[in-house]
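Student: I have a protein model to study. May we go through it together?
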Amino acid sequence: MRTAEIKRRFLAHFAANGHTVVPSAPLPAISDPNLLFINAGMVQFVPFFLGQRTPPFSKATSVQKCLRTPDIDEVGKTSRHGTFFQMNGNFSFGDYFKEGAITLAWDLSTKPAADGGFGLDPERIWATVYLDDDEAIDIWHRVVGLPMDRIVRRGKADNFWSMGIPGPCGPCSELYLDRGPDYGRAGGPEVDEDRYMEFWNLVFMQNERGPGKGKEDYPILGDLPAKNIDTGMGLERVAALLQGVDNLYEIDEVRPILERAAALTGKQYGARSGHLASASHPDDVRLRVIADHVRTSLMLICDGVTPSNEGRGYVLRRIVRRAIRAMRLLGWSGPALPELLPVARDCMAPSYPEVADEFGRISSYAYGEEEAFLATLRAGTTILDLAITETKGAKHTVLPGDKAFQLHDTYGFPIDLTLEIAAEQGLTVDEEGFRRLMAEQRRLAKADAQARKTGHADLSVYRGVLDSGGPVTFTGYTETAREARVRAVLTDAGQRVTAAGEGETVEVILDATPFYAEKGGQQADLGRITVGSGELDVQDVQEVMPGVIVHRGTILHGEVRAGAEAYAQIEVERRKAISRAHTATHLIHQTMRLFLGESATQAGSLNAPGRLRFDFNTPSAVPPSVLHDVEQQVNEVLISDLEVRAFITSLEKARELGAMALFGEKYGDEVRVVEVGDYARELCGGTHAARSGQLGLVKILSESSIGSGVRRVEALVGLDAFSHLAREYLLVSRLSELFRVPREQVGDRVEATVAQLRDAERELEKLRAQMVLAGAGALAEAARDIGGVAVVTTEAPAGASANDVRTLAQEIRGKIAGKPAVVAVTARAQGKASLVVALNPAAVDRGLSAAVLVKGALAGRGGGNAELAQGGGVAADAAPGLLAAVERALLPG
C-alpha cells in the first residue's frame with residue numbers, strides 16, 4: 001500500500017466518523033515562539049487544548065508535516081529516526097475520550113484492506129499504557145479483546161506524552177506491531193523496540209505541564225479545561241509495516257532517492273547489512289542520511305525556509321550540507337542535488353502537489369546552497385587539513401577550539417563538519433573552547449545591539465517606569481505634536497534622576513508621545529520636547545521593551561524635570577519623507593511578488609527620509625528588465641493616486657483579506673493592516689503617506705545579493721528621486737559633450753572605450769608576465785644545495801602582481817628536475833611584503849611543507865598546502881628577512 005493511499009485511508013476513516021479534515025500547517029512554527037518547526041501533529045491545536053480559543057469543531061483529523069532534529073546524528077542508524085516525517089492524527093476537544101480513541105484506532109488498524117482499513121494482524125498487535133492507567137487497560141482487554149499478556153504498563157518516560165516544552169500533556173497508550181523473530185528478541189516492546197515497532201500513540205490529553213528537562217523532570221501544573229484526545233500515527237512507520245520493508249528509508253517516498261544516490265556512487269544498498277538498522281554497513285547509513293535529508297530539504301524550502309546562518313535557515317543549511325557531505329564520503333565529487341532533488345519531488349508530489357508546482361524556486365535555492373557549500377568545502381577543507389596535520393605533528397589528539405572557531409567564523413565551515421572530519425582522522429575537537437568563543441562573539445553582538453537600543457541602562461529601571469505608570473501611549477498615527485507629562489528622566493549611564501540640565505545627554509519617557517520609535521525597518525522620528533524653560537533635542541527614539549518608548553537626546557537649554565508638563569513635537573517633513581518611503585516599500589514588495597511569485601517575501605527593510613532598502617527572498621538575481629517593469633508598475637500606482645488606509649482587525653480576518661504577514665514575525669490576536677487601494681495589503685505598524693500620489697516618484701537604484709537566496713533593492717522616493725534623475729541627466733549631457741555623440745549613444749561609446757582599455761591592460765599583463773618569467777631558467781640553474789635540497793630564493797621584479805609571483809615560483813620549481821626542490825619568492829607592493837613558497841613532490845616526500853615554511857617565516861601568518869603556500873602583510877623592507885628565514889628552516893639540524 002503506497003504512502004499516499006495510507007494517508008487517504010486515514011483521513012477517510014476519521015471523516016466518516018464525524019471528524020473535520022484539517023490541512024497540515026506549514027513546517028515553520030510561526031505562531032509558537034517556543035518552536036522553530038512543528039514537531040508534532042497537535043501543535044496547531046494547542047490553543048484549543050489549553051482553552052485559549054474555542055475550536056470550530058469538536059473532532060478533527062489531519063496529516064501534519066513535522067520536523068525533528070535533536071536526534072539528527074541517529075538518522076540512518078536506526079529504523080525509527082528521520083528528520084522530516086508525517087504524523088497522522090485524530091483529535092477530540094471535549095468529545096470522546098479513552099474508549100473512543102482506542103476503538104477508532106483498533107478498527108482502522110485491523111479492518112481488512114479490502115474494506116478500507118490497513119489489514120494488520122490483530123494477533124501481532126501489542127498495547128502499552130501508563131503505570132496507573134487501569135481504565136485504559138480495561139478498555140483494551142474488555143472492549144477490544146486484547147489479551148492481558150499483550151498489554152504492558154510503562155513509566156513516565158515511555159507512556160506520558162508532552163511536546164518537550166510547557167503545555168498540554170497526558171498519559172498515553174501506544175500500539176506496537178510484532179515484526180517477527182528476524183527483527184529481534186521475543187517478549188514485547190520493553191524487551192526489543194526493533195522487533196516490536198510502535199506505530200500509533202494515543203495521548204489522553206488531560207494535564208498541563210511546566211518547564212523542565214527530559215521526559216520525566218517537569219511538574220504537572222494541573223488539569224486542562226476539558227479532557228481531550230490527541231493521537232499520532234507515524235505515516236512513514238505504518239508505510240514501512242504495510243510495504244514489508246525494514247525501515248522508513250525503504251518506503252516508496254524515500255527509497256527511490258536512496259537508490260539514485262547508490263547508483264551515482266556505485267554502491268549496492270543492503271548488500272552488506274542485516275535486517276536491523278543497527279546491523280547496517282556504514283555506506284548504507286550514509287545512503288539513508290542522503291535520502292532522508294534530501295527529502296527534508298525539499299519540504300522545508302517548499303514551505304518557505306531558505307538557507308541562512310541562524311534559526312530555521314541554519315537547520316536547513318545543516319541538513320543540505322550533511323547530505324552533500326555524505327555523497328562525497330561515498331565517492332561522488334560532482335553536484336549531487338540536481339541528480340537527487342527531482343527524484344524527491346516525484347516521490348512527494350502525489351501527496352503534496354505544491355512541490356512540483358514550486359520546483360523551480362525550490363531547486364534554485366537548493367542548487368545555489370550546494371554550489372556555495374562546495375566552495376566552502378574547497379577553502380575550509382584545505383585549512384582544516386593543515387590544522388589536522390599540525391595537530392598530529394605536535395603529537396596532540398585534540399584540535400584546538402580556536403582553529404574550529406576560525407573555520408566557522410572566517411570560512412563558514414560548520415562545526416559539525418569539523419567534528420566529523422576530525423573524528424575520521426582520529427582526533428577530537430575542543431568543543432568547549434569553540435563554544436566559549438562562539439558565546440563570547442554572541443555576547444558582544446547582543447551587548448552591542450542592546451546598547452544601541454537601551455543606552456546601557458539597566459532594564460529593571462524601564463520595568464519600574466512601566467509598572468508605576470503603565471504603557472506609554474503612542475499617538476503619532478493621528479498627530480505630530482501633543483502635550484504630555486514627563487514620567488521619568490534617565491542619565492546616559494542609565495540612572496533615574498529627578499532632573500537634568502543644559503548639555504546633558506538624557507533619556508526621557510513621557511506618558512504619551514507622537515514620536516515613532518525605530519522598529520519594523522522604519523527609522524525613528526526626530527524633533528524637540530519642551531519642558532518649561534528646558535528643551536530637549538530628540539536624536540533617537542527606541543521602544544526598549546513593550547510599552548516603554550524612550551526619547552534619547554541632549555538638553556539644549558534649561559532643565560528637564562520628571563513630573564513636569566511637556567510639549568512634544570516631531571520634525572514633520574522628516575516624518576512625511578519616511579512615511580513616503582515606507583509606503584513605497586509596500587508597493588515594491590507587492591510588485592516584486594507579482595513579477596517573481598509569492599515566494600519573493602520580505603526579509604528586511606529600511607525606511608529613511610527619501611530612501612528605502614528592501615530585502616527579499618529569491619534564489620537568483622532579478623533581471624534588469626524585470627526591475628524596469630517593477631519600477632514602472634510602482635510609478636503607475638502612484639499616478640493612480642490610491643488611498644492609503646490603516647485599520648485594526650483580527651489576525652484571522654486580516655488573513656481572510658489576503659494581508660501579507662512577514663515570515664517569522666509574531667502577531668497578536670489584533671493586528672494593524674495597511675492597504676494601498678486594492679493593490680497592496682500588509683500587516684504593518686509603521687506610518688504611511690495618505691495617498692499613493694504623495695510619493696511623487698520611485699526610482700530603483702540597485703539590486704544586489706546580501707546572502708544565499710536573499711536580494712536587496714535600494715530606491716529613492718519623492719524629491720530625492722527627482723534630484724537623482726536631474727544629476728544623472730547632467731552627467732549624461734557632460735559625457736555627450738566629451739564623446740561628441742548624442743545622449744542616447746553615450747552608453748555604447750563608454751562601453752567601447754572600456755573594452756579598448758581592457759584590451760590594453762591585457763597586453764600589458766602579458767608583457768609584464770613575460771618579463772617576470774624571463775629569468776626563471778637562470779634562477780633554477782643557480783639553485784643552491786642545502787642538505788640535499790635544491791633551494792632558490794629570489795625577489796620578484798617591481799610591479800609583479802600576486803598572480804605573477806605565484807606563477808614565477810611554480811615556473812622555477814618546474815625547471816628543477818631529479819631532486820627535491822624548494823622555491824621561495826618575495827614581492828613588494830604598496831609598502832608591504834609577501835612570500836610564496838613552492839615545493840615539488842620529492843621535497844614533500846622528505847617531510848617538508850610549503851605551508852609550514854611560510855608560517856615559520858611570517859610568525860604564523862599565511863596559508864596553503866604542502867606544495868604551495870603564501871602569506872604577507874609585513875613591512876616591505878622585511879622581504880630579504882623572509883627569504884633568509886626560509887633558508888634557515890632548511891638547514892640540517
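Tutor: Let us begin with strand β4 (residues 125–130), where 6 of 6 residues are buried, buried meaning under 20% relative accessible area, exposed over 50% and partly exposed in between, with a 1.4 Å probe and protein chains only. Helices (H or I, at least four residues) and strands (E, at least two) are DSSP runs numbered from the N terminus.

Student: What sort of model is this?
Tutor: This is a predicted model, in which local features need pLDDT of at least 70, side-chain atom pairs count only at pLDDT 80 or more, and totals for chains, interfaces and linings use all residues. Residues are numbered from 1 along each chain as its sequence is written, and side-chain values use heavy atoms, leaving out hydrogens and water.

Student: In which sense do β4 and β7 pair, parallel or antiparallel?
Tutor: Strand β7 (residues 167–178) pairs with β4 in the antiparallel sense over 4 bridges; two strands pair if DSSP finds at least two bridges between them. Ile 125 has Leu 177 of β7 as its bridge partner.

Student: And β4 with β5, parallel or antiparallel?
Tutor: That pairing is parallel, with 4 bridges between β4 and strand β5 (residues 151–154). Ile 151 in β5 stands opposite Ala 127.

Student: Changing topic, how many disulfides are there?
Tutor: The count is 0, where a disulfide is a pair of cysteine sulfur atoms within 2.5 Å. For Cys 66, the nearest cysteine sulfur, in Cys 302, is 15 Å away.
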